[in-house]
Amino acid sequence: ILNGCMRIDQRNSGAAIIYTGPNSQYPVDRFTVGLFGTTYAGNVMSAQQVSDAPPGFSNSLKVTALQNVSFDANKLGAFIAHKIEGFNVADLDFGLSSAKSLTISFWIKSNKTGTVSVSLENGVADRSYGATVTISQAATWEYKTITIVCDSTGTWLKNNGSGLVLGIGVANNGSWLTGAAGSWSATRAVFNSAQTNFLSATNDYLAITGVQLEAGPTATPFERRPYSVELGMCQRYYYRIGSAGANGTYLRFATGSIRNATLGEVLVNLPQKMRITP
């Protein structure tokens, strides 16, 4: 997991993303928060990097209800997702008889108690595993772990594509992308039917941090990388090359030349080898 401590936020610098309808964005690097369905009205929810965190951490990712949201056939749900590059999970032997086990660990907090869906799926979304954790104390950081035996069938990318997707449920209408917990299936099921609606009332929230996924049946202490290392790893996927100003967008660390009266070219030096051509 990259940026599991939620420290890197190149896009927003901690500002909230406001969702008024179906949308999926990055409130922090490498983690998307998506709202799905139709017929939403007004400001539905927000997602952002915040400073509320358990001991040993400085930030978390928080999703907050901005109105009372009742999910139905048109209002499907919301969840947090993290895509892991295939190169980084190739050692788990997904799709082979030698498939290993893995352990997911994270800290989670909400103003209400309830059930949270946790899922894994492949990049083409035709194999998935569902699990659940329970928030037993309101407004209290709780540490959760889940151990899963990796899938021995299916198609799993082991290149620079999406090798594995981790999902954490926020709300669901009770049937959308819902499946049983505890086994791999040939469907896309990122929610359990017991999923609690953590957006049912204004100011309801769900926050996570310290997200880690590792080989083996045991959760180890969170891997704390230097900030510069974590930033560089995130910049493989996204790098903001310009900053907005009164006269437009300014490029930094760039050289350029004028070719003629109407054409110029600029060379931008990226800090990392990108996963794909930008």
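## Salt bridges, cores and spaces in a predicted model

Let us begin with aspartate 52, which is partly exposed at a relative accessible area of 30%. On the scale used here, buried stands for under 20% relative accessible area, exposed for over 50%, and partly exposed for what lies in between, with a 1.4 Å probe and protein chains only. The model is predicted, and local features need pLDDT of at least 70, side-chain atom pairs count only at pLDDT 80 or more, while totals for chains, interfaces and linings use all residues. Residues are numbered from 1 along each chain as its sequence is written, and side-chain values use heavy atoms, with hydrogens and water left out.

**Salt bridges**

What does the side chain of aspartate 52 meet in a salt bridge? The partner is lysine 109, at 2.9 Å from N to O. The pair joins distant parts of the chain, 57 residues apart: aspartate 52 sits in the loop between β4 (45-50) and β5 (60-65), and lysine 109 in strand β7 (residues 101-110). Strands (E, at least two residues) and helices (H or I, at least four) are DSSP runs, numbered from the N terminus. Lysine 109 is buried, with a relative accessible area of 12%.

A salt bridge here is a side-chain nitrogen of Lys or Arg within 4 Å of a carboxyl oxygen of Asp or Glu. The whole structure holds 11 of these salt bridges, including the following.

| Salt bridge | N to O distance |
|---|---|
| Asp52 and Lys109 | 2.9 Å |
| Lys100 and Asp93 | 3.1 Å |
| Asp151 and Arg127 | 2.7 Å |

The side chains of aspartate 151 and arginine 127 form another salt bridge. Aspartate 151 lies in the loop between β10 (142-149) and β11, and arginine 127 in the loop between β8 (114-121) and β9 (128-135), so this pair ties together parts 24 residues apart in sequence. Both aspartate 151 and arginine 127 are buried. Salt bridges with shared partners also join Glu223, Arg225 and Glu230 into one network.

**Nonpolar cores**

A nonpolar core is a set of buried Ala, Val, Leu, Ile, Met, Phe, Trp, Tyr and Cys residues joined through side-chain atoms within 4.5 Å. Which residues have the most contacts inside the largest one? They are Leu102 and Leu199, in a core of 51 residues. Strand β11 (residues 162-172) gives the most to this core, with five residues. A second, separate core has eight residues, among them Leu76, Phe79, Val190 and Phe191.

Contact means heavy atoms within 4.5 Å. Leaving out residues up to four places away in sequence, leucine 199 touches residues including Met45, Val63, Phe71, Ala78, Val170 and Asp204.

**Two buried polar residues**

Aspartate 204 belongs to the loop between β12 (184-185) and β13 (205-215). Aspartate 204 is buried, at a relative accessible area of 7%, and its side chain makes a polar contact with the side chain of serine 200 at 3.1 Å. For a polar contact, a pair of N or O atoms lies within 3.5 Å; within protein, one must be able to donate a hydrogen and the other to accept it, and residues adjacent in sequence count only if both atoms are side-chain atoms. Beyond four places in sequence, aspartate 204 touches Val63, Thr64, Ala65, Asn111, Lys112, Phe198 and Leu199.

Histidine 82 is in strand β6. Is histidine 82 buried or exposed? At 2% relative accessibility, histidine 82 counts as buried. Its side chain reaches the backbone oxygen of arginine 30 at 2.9 Å. Among the residues that histidine 82 touches, not counting those up to four places away in sequence, are Ile1, Leu2, Phe31 and Leu164.

**Pocket and cavities**

Pockets and cavities are found on a 1 Å grid over the protein atoms alone: a cavity is a set of points where a 1.4 Å probe fits but cannot get out, a pocket is an open set with protein on both sides within 12 Å along at least five of seven lines, and lining residues have an atom within 4 Å of a point. Grid points are joined across faces, edges and corners, and a volume is the space filled by probe spheres set on the points.

The largest pocket has a volume of about 390 Å³. Of its 23 lining residues, Ile1, Leu2, Asn88, Leu213 and Arg225 are the closest to its centre. β13 gives the most to this lining, with five residues.

Of the 13 residues lining the largest cavity, the closest to its centre are Gly130, Ala131, Gly179, Phe191 and Asn192.
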